[in-house]
Amino acid sequence: MGYQVFDHDEDLLRWVNAAAPIARDLAANPDLQDQWLRHGHTWFAGVNVFPNDATGSWPGGPSLSGASVEAARALCPFEIAWDTAQISIPYRGYPKQDAGESDANHRFRKNRDAAHLDGLLPVGPNRRRFMQEFHAFVLGLPLNASPKEAAPLVVWEGSHTVIQDWLRSTLAVYPKEQWKDVDLTDTYQEVRRHIFDTCPRVTLSVLPGSSYLVHRFALHGVAPWDDALAGPMDGRIIAYFRPHWRGDLQHWLSPA
C-alpha cells in the first residue's frame with residue numbers, strides 16, 4: 001500500500017503526551033512563527049524545530065518507542081539516527097494564498113493536496129527538481145485529537161512502487177554520486193500525473209497514541225481544511241520524523 005496505520009500504543013502515547021506541550025510552545029514562539037508560518041498563516045511548517053536528539057528523546061523526555069517505531073527500525077539495515085522532528089500544524093482555513101504565490105501553485109495545493117515526494121526539492125530560480133535528500137521513511141505522530149476533515153495527511157495508495165520503478169530506471173544510468181545532480185523535473189511531473197489517474201487517494205487521520213508509517217517513495221500531501229467544520233479548535237499538530245538513509249544508496253532504491 002505504501003503506508004501502515006498503527007493502533008493506540010501506550011508506549012508511544014507517553015512520548016506524545018510529553019512532546020505535545022513543547023510543540024505548542026514552539027508554535028507560539030514569535031520568532032518561529034516569523035520563520036515557519038505559511039499560506040496566509042494557516043500552516044506552521046516547523047521543519048526540524050523539535051529539540052529531540054538522535055535517539056528521539058530530549059533531556060527529561062521519554063524514549064521514542066512503540067510498535068510503529070520498531071516497524072520503522074526494521075525497515076533500515078542500520079541504526080537510525082532520528083532527525084529533529086518537524087512540527088507541522090495546519091489551521092482552520094488552510095490553505096490560503098500567500099502573497100507572491102502563483103495561482104497555479106495555489107490551485108495545486110488546494111486541488112491536489114500539494115502532493116510531493118520528500119527529498120525531491122525545487123532548486124534555483126526555475127525550481128527544477130533534484131533528489132537532494134535521501135530519507136528512510138516518514139513517521140507521523142499526531143500530538144492532538146482533530147476531526148478527520150481538518151487537513152489530514154493524504155497518501156496515494158501504491159504510488160511508492162510507481163515512483164520506485166521510475167527512480168530506478170532514471171537513476172540507474174548514473175553513478176550514485178551524481179544522483180543529486182540529475183534533473184528529474186519533467187519525468188516527475190509525468191509520473192505524478194500517472195499516479196493521480198491510477199492510484200487511490202487515501203486520507204489518514206488518527207488519534208494521539210496511534211501513528212502512521214509512510215514509505216519513503218510514497219506520493220503524499222495535506223488535504224485542505226474542510227470549511228464546514230464549526231466551532232473553535234486547535235490546528236492539527238503532527239510530529240514527523242524523516243531520518244536520512246545512512247546505508248548504500250543502491251539499497252535505498254531497492255524494494256522495502
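**Exercise 1. The cavities**

Which residues line the second largest cavity?

Solution. 
- Step 1. Read off the lining: L117, D118, M131, H135, R216, F217 and W252 line the second largest cavity. The model is predicted: local features need pLDDT of at least 70, side-chain atom pairs count only at pLDDT 80 or more, and totals for chains, interfaces and linings use all residues. Residues are numbered from 1 along each chain as its sequence is written, and side-chain values use heavy atoms, with hydrogens and water left out.
- Step 2. On a 1 Å grid over the protein atoms alone, a cavity is a set of points where a 1.4 Å probe fits but cannot get out; a pocket is an open set with protein on both sides within 12 Å along at least five of seven lines; lining residues have an atom within 4 Å of a point. Points are joined across faces, edges and corners, and a volume is the space filled by probe spheres set on them.
- Step 3. Sort by class. The lining has four nonpolar, one polar and two charged residues. (Nonpolar: Ala, Val, Leu, Ile, Met, Phe, Trp, Tyr, Cys and Pro; charged: Asp, Glu, Lys and Arg; polar: the others, Gly among them.)
- Step 4. Turn to the largest cavity. Its volume is about 40 Å³. S88, P90, A151, P152, L153, V222, R236, I238 and Y240 line it. Strand 4 and strand 12 each give two or more residues to this lining. (Strands are DSSP runs of E, at least two residues; helices are runs of H or I, at least four; both are numbered from the N terminus.) Seven of the lining residues are nonpolar, one is polar and one is charged.
- Step 5. Check the total. The whole structure holds two cavities of 30 Å³ or more.

**Exercise 2. The pockets**

Which element gives the largest share of the lining of the largest pocket?

Solution. 
- Step 1. Start with the volume: the largest pocket has about 1400 Å³ of space.
- Step 2. Find its centre. Of 47 lining residues, W43, R109, A114, H116 and R129 lie nearest to it.
- Step 3. List the elements with two or more lining residues: strand 4 (86–90), helix 4 (103–111), strand 5 (120–123), strand 6, helix 6 and strand 11.
- Step 4. Helix 6 gives the largest share, four residues.
- Step 5. Take the second largest pocket, with about 180 Å³. It has 13 lining residues; G2, Q4, L75, L213 and H215 are the closest to its centre. Here strand 10 gives the largest share, three residues.

**Exercise 3. The salt bridges**

How many salt bridges does the structure hold? Trace the network that contains R128.

Solution. 
- Step 1. Count: there are nine. (A salt bridge is a side-chain nitrogen of Lys or Arg within 4 Å of a carboxyl oxygen of Asp or Glu.)
- Step 2. Take R128 and D183. Their closest N and O atoms are 2.9 Å apart. R128 sits in strand 6 (residues 128–131), and D183 in the loop between helix 5 (159–171) and helix 6 (185–198), 55 residues away.
- Step 3. Take D186 and R128. Their salt bridge spans 3.4 Å, N to O. D186 lies in helix 6 and R128 in strand 6, so this pair ties together parts 58 residues apart in sequence.
- Step 4. R128, D183 and D186 form a network of salt bridges.
- Step 5. Check accessibility. R128 is partly exposed at 29%, D183 is partly exposed at 35%, and D186 is partly exposed at 45%. (Relative accessible area, 1.4 Å probe, protein chains only: buried is under 20%, exposed is over 50%, partly exposed is in between.)

**Exercise 4. One serine**

Is S146 buried or exposed?

Solution. 
- Step 1. Locate S146: the loop between strand 7 (137–142) and strand 8 (153–156).
- Step 2. Apply the cut-off. S146 has 11% relative accessibility, so it counts as buried.
- Step 3. List its contacts, meaning heavy atoms within 4.5 Å. Leaving aside neighbours within four places in sequence, S146 touches S205, G235 and R236.
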